[in-house]
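Hi everyone, thanks for coming.

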Amino acid sequence: MKKTNDGKSEKAGAETGLNIIHAQDIYKQFGDEAVLRGIDLNVSSGEIVGILGPSGAGKTTLIKCLIGTLGLNRGSVFIHGVAMPSLCMMDRIGYMAQQDALYDDLTGFQNLVFYGRLKGMRKRAAKDQSHELMALVELSGDESKKVAHYSGGMKRRLSLAAALIGDPDVIVLDEPTVGIDPVLRELFWQEFGRLKAKGRAIMITTHVMDEAEKCDRLILLRDGTILENGSPERLKQKTPKGTLEAVFLESAKRQITEGRTV
Ligand SMILES: Nc1ncnc2c1ncn2[C@@H]1O[C@H](COP(=O)(O)OP(=O)(O)OP(=O)(O)O)[C@@H](O)[C@H]1O
Ligand SMILES: [Mg+2]
């Protein structure tokens with residue numbers, strides 16, 4: 001995916017270091033359960049931010065709050081300075097949900113064109129970029145197969161392509177590499193690196209430590225609060241063991257003993 005056909009890549013430029021996502025004091029509750037408890041967060045252009053944390057920590061909820069698909073109980077989110085939720089921001093955000101949101105009765109290619117059209121692309125441009133993205137995720141040979149007949153990993157790959165169509169400048173990926181083999185995973189990360197170099201602001205949730213190492217900054221979430229926020233190198237210096245696992249285990253222990261979330 002070296003170029004796009006709709007001119008949007010030029011629009012966003014390769015400026016880096018501009019604050020793109022700005023969230024303040026996000027609080028989210030489901031019924032009586034407080035899932036996010038006062039999250040402050042910034043993501044800049046040209047930055048890959050990894051969100052880590054145990055299952056149920058609130059990663060998916062945080063992402064949905066940031067892109068405006070979930071309402072907040074308290075706090076605010078701005079993307080490009082625009083208060084979220086905002087319909088006009090939606091075609092600038094590429095979102096890959098943890099659960100694939102694809103149309104089973106459409107072919108893989110038709111799904112991509114559909115998402116491109118939703119983002120306001122012209123038909124020709126949407127088709128051209130769909131072919132490019134199908135090639136990127138190694139699905140060119142399966143373009144005309146219905147998604148109902150795709151394997152789990154093929155659906156993940158198609159979901160990534162759907163998130164990238166329209167060349168959004170904010171890219172939010174919820175566990176994008178689950179079910180993806182190591183070779184393709186490497187290829188995905190090369191693509192994330194290219195998108196970063198183009199100045200995109202990228203957020204990725206993952207449970208995989210070697211992926212976490214590739215992020216510019218890591219946010220460790222647990223019980224709806226941020227325990228750590230820093231570059232992998234800086235975080236690793238916090239413990240004599242020098243590994244991210246050790247940092248996260250020690251932070252979690254500290255949170256429990258200090259009763260920070262109770
Ligand atoms: N729509 C919802 N209604 C009620 N509770 C919800 C809803 N969505 C999430 N939760 C609860 O919020 C908490 C955080 O869920 P979330 O999906 O954000 O976790 P996660 O960190 O993404 O976990 P995982 O790593 O398993 O994907 C969980 O206790 C979950 O049950
Ligand atoms: Mg999740």
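Before we start on the strands, one definition: two strands pair here if DSSP finds at least two bridges between them. With that in mind, strand 4, residues 74–79, pairs with strand 5 in the antiparallel sense over 2 bridges. One of the partners to look for is Val82 in strand 5, which bridges to Ile79. And please remember that this is a predicted model.

Elsewhere we find a parallel pairing: strand 6 with strand 7, residues 170–174, over 4 bridges. There, Gly94 has Ile171 in strand 7 as its bridge partner. Is strand 6, residues 93–96, buried or exposed? Both of its faces are covered, with Ile93 and Tyr95 buried on one side and Gly94 and Met96 buried on the other.

On to the core. The largest nonpolar core has 71 residues, and Leu112 and Ala161 are among those with the most contacts inside it. Helix 5, residues 152–164, gives the most to this core, with 7 residues. If you zoom in on Leu112, you'll see that its contacts include Leu133, Met134, Ala161 and Ile165.

Last stop, ligand 1. The residues around it include Phe30, Val35, Lys59, Thr60 and Gln98. Helix 2, residues 59–67, gives the most to this shell, with 3 residues. By type, the shell divides into 3 nonpolar, 7 polar and 1 charged.

Thanks, and I'm happy to take questions!

How values were computed:
Residues numbered from 1 in each chain as written. Chains lettered and ligands numbered in written order. Predicted model: local features only at pLDDT ≥ 70, side-chain atom pairs only at ≥ 80, totals over all residues. Core = buried A, V, L, I, M, F, W, Y, C linked by C-beta atoms within 7 Å. Buried ≥ 20, exposed ≤ 12 C-beta atoms within 10 Å, placed from the backbone. Contact = placed C-beta atoms within 7 Å. Near = placed C-beta within 6 Å. Nonpolar A, V, L, I, M, F, W, Y, C, P; charged D, E, K, R; others polar. Lists of a residue's contacts leave out its neighbours within four places in sequence.
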